[in-house]
Amino acid sequence: MNRHAIRITASLTALALAQLATSAQAAEAVAQDLVKTSTAAAADAAADGAAAGDADVESAGQIGEIIVSATKRETDLQKTPISLSVVSTEALADRHVQSLFNFADGAVPSLRVATFEARQSALTIGIRGIVPYDQNQTARDGGVSVYIDGVALGKTQGLNAALFDVERIEVLKGPQGTLFGRNTEGGALSIVTKAPTGEFDGRVVGGIGNYGSRNGEIHLDLPAFANIAIKLDGVYQHQDATVKDPLEGSTGWNYYDRKGGRAAVRWTPIDGLTADFSYDYAKDENTPQFSQLLNYNPNGYNVGYYNALDANKLYYNGSPCNTSSGTVNVCIAPKAPLVGVHDERQKVADVGVPQQPSVDITHGASANLKYVAADWLELRSITAWRGVSTDQWDNSGGPERVTFTPNGTFSRYSLSFLDQHQFSQEFQAVGSVDQFDYVVGAYYYTEHATEYAATPTTNLWNADGTAYTIRSPIPGNSNPISSSNSGYQPYDASCNNSLASTVPQFANSCQYITRASEAWDHNYSVFGNLTFSPSGLDGLHLTAGGRWTKDDRHGRLYVVNNKPQPFTFENSISRFDPMFNISFDATPDIHLYAKYATGFRAGGANDRSQSFNSFGPETVKSYEVGAKMDFLDHHARLNVAGYIMDRSNTQFDFDLYDTDSASPTFNSHIEQTQNSGDTKIRGIEADLTVKPVPELTLTASYAYTYWKAPSAVNPITGGLPQQLYLVYTPTNAASGAIDYDLPLDKLAGGADLRFHLDANYASSQYSFQLEPTKTDPSFVVNGRIALTDIEMGDNKKLTLSVWSRNLLNHTYVYRRSAANSSPVVNYAADGTTVVSTSYTGILGDYGNLNPPRTFGFEASVAF
């Protein structure tokens, strides 16, 4: 293990988990009250019991209960027989987590978060090695689903929006196919927001920091009236670019400006009925991470020069050199003088390019109804409508990802305009009868997604690479746009696109449309989960569950390379996912379990394939054992799990960036997806919490992951089978934290001083499914010091804090490609005969770096 990982684990430092404490005595009292009183009175008693339990645990300095809803009912984390991690409100504040992208530092070792390409506008989220490479399309899904208050989010676009008032985030590890359904073969990320309480309460937050950062929040809980409680939330987050763009008027890279609001209403018209309604809207403007050239010609090929006396042909040793085939006098293009090689973080790009923010808008409404029909039955309904739109503007590559040619164009502006709407309806019946606990339900989901994309080039070199100009976003001629050498303005009245007669929506598009597609999805399922706790065998719990799913998807790819196309696909499956779990309470503080479960990731089609090639679902079988243990009188807690996952029909993406200027698909990202065999994933997870004294909490988490992926033939280039790789899956990952609370009884007004320090490590990993190139290992430290609960009178309390993310300013490459460092080899149909070897696109490795150190000051007033 890397010495950093050893240091983290040994120091017992990591993610602070929530401490929503309820003592066993209080829980027993509440249970007795439930038998004697009405449902409403029981709820009040439970709240009072929990508060008393909190006080008892806090005074004893013990580790309290953490309540989760991973099994569709509220249970104690320690008694829930699956592997999961919980991030509490306090932990989010300590780490200054503002969006899901902040989890890219590795706060939860089994959870891997990264950008797709370099874009903040579309995140890649994976658990236990189930990490997608490219799910950023109309007819594709990931293997880990994200839920907000029980509602699945159908697309990864918009996932980086600002988080609202979050109560907790549950990271469910391993297949959740029974209770959560499709696209949870790796696990699920469940975000639970704070519900209205009906009591007046509020909080206002404001902060500033480096890179021009500023943030503000307002959370307002209104007093209940007519059995209606209302809660309002508003958030704003801003950060200037951390890498500046020398082109005047351009935004730069790693910029964001997020804003949003949420309104929640809880209506309790009669005893036993709770109706929660909510609406949220968020707008996230952001730019991608910057792509740096990390080396030039690392394999030492001959570097040629352009001969101005011979039509700027490439020469080497006084003779024209070969870049496309053969082995005689082979050479590569020289690097433009303006482009530098940088293995350290750049603060300013070498070359200015047009870069405006991408704009992600997410919005949705939901109705969550719960009715206690009897003491053994609760009926639930979750109805939700959501939508997301993304205008993607990604010019992060600049000249760092394309070779220099005299008077040639460069800097690929990746544009995508996606719109998606979804509707879902879920019914559940949850309850307990004698020795049985059960959950049964039915689910329906439908979505429609549309997208079109373009990849214009924005810059033009001079003859020797010492200067450049910016091409006009509007072509400025009356000829129909039918060449990739187009503009990048989406629409203008002066633009005349050759698609006008066949696809009228693009009649005045100034862009050469590389692809346009749309897809529909309909998903139906019924599920059930039954737990039997035999009275004669105290502590034994036997659970069996299953989910039947029918998934129908179809779509069309109607534009490819600015020409109308007739490509369509249909994909329909039905399947059953079982789950079996045996758990045993060895003692009141030691809980053991063994679990078998399956899950699947839906099939679909790849709209970058030039033909909308379809592929089938991939499936996972998982075997897991675990133990959850409290010891030292609840001053220490250790949860461990080991698992074996076998994935069949693994979806792998085979892609090619066409850098050949003579090719009809020049500057295009061509990609095909196929089911490429079986993948084996094995792992161990451990979470440790120690509270030696009431003021000090030490936590540590560790994840070990072993995997073996298949080999397959690239369907684009042909040739022999090549090894495939799982992306963003480090062999070793660890996280740890130290939290110390110091009461300042003598301070006027009373206050507590809270110290937080966390460290996060991950070993090097792959970031491309077809490349053996690894990223750097990562080591990120975050810290926060807060003076909390300063009495201000009139029941107001002030909290002042200073924080830092990446405190040590550690720099590492989290995404690295060597695709531009070696020639592209094309094979004949036999798979072994080389047809051509192209050296045209050779430049060097490029990579994206983690965010630099950020820090700031924040003030919060609770009232």
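Trainee: Before I start, what should I know about the model and its numbering?
Mentor: The model is predicted, so local features need pLDDT of at least 70 and side-chain atom pairs count only at pLDDT 80 or more, while totals for chains, interfaces and linings use all residues. Residues are numbered from 1 along each chain as its sequence is written, and side-chain values use heavy atoms, with hydrogens and water left out.

Trainee: Thanks! How many disulfides are there?
Mentor: A search of the whole structure gives 2 disulfides; a disulfide here is a pair of cysteine sulfur atoms within 2.5 Å. Counting bonded cysteines along the chain, the pattern is 1-2, 3-4.

Trainee: Are Cys321 and Cys331 buried or exposed?
Mentor: Both are buried. Buried means under 20% relative accessible area, exposed means over 50%, and partly exposed is in between, with a 1.4 Å probe and protein chains only.

Trainee: And what about Cys495 and Cys510, how far apart are their sulfur atoms?
Mentor: They are 1.9 Å apart. The torsion about that S-S bond is about 95 degrees, so the disulfide is right-handed. Cys495 and Cys510 both sit in the loop between β25 (468-470) and β26 (513-532), 15 residues apart. Cys495 is buried at a relative accessible area of 5%, and Cys510 is buried at 0%.

Trainee: New topic: how many salt bridges does the search find?
Mentor: The whole structure has 48. A salt bridge is a side-chain nitrogen of Lys or Arg within 4 Å of a carboxyl oxygen of Asp or Glu. One of them joins Asp233 and Lys231 at 2.6 Å, N to O, and both of those residues are buried.

Trainee: Which strands hold Asp284 and Arg258?
Mentor: Their side chains meet in a salt bridge of 3.8 Å, N to O. Asp284 is in strand β14 (residues 273-286) and Arg258 in strand β13 (residues 256-267), so the pair ties together parts 26 residues apart in sequence. Asp284 is buried at 2% relative accessibility, and Arg258 is buried at 3%.

Trainee: What does Arg553 pair with?
Mentor: Arg553 meets Glu447 in a salt bridge of 3.8 Å, N to O. This pair links distant parts of the chain, with Arg553 in strand β27 (residues 540-560) and Glu447 in strand β23 (residues 436-454), 106 residues apart. Arg553 is buried with a relative accessible area of 2%, and Glu447 is buried at 3%. Salt bridges that share partners join Arg553 and Glu447 with Asp141, Lys155, Arg182, Asp521 and Asp551 into one network.

Trainee: Over to the surface, then. Which residues form the nonpolar patch?
Mentor: Ile208, Tyr740, Leu742, Phe755, Ile785, Val802 and Phe857 form the patch, with about 580 Å² of accessible area together. Patch residues have over 30% relative accessible area and no salt bridge; like charges are joined within 9 Å, and nonpolar side chains (Val, Leu, Ile, Met, Phe, Trp, Tyr) within 5 Å. The areas come from the Shrake-Rupley method with a 1.4 Å probe, and for residues only the protein chains shown count as cover.

Trainee: Where is Ile785 placed?
Mentor: Ile785 is in strand β42 (residues 778-793) and is partly exposed, at a relative accessible area of 40%.

Conventions: Helices (H or I, at least four residues) and strands (E, at least two) are DSSP runs, numbered from the N terminus.
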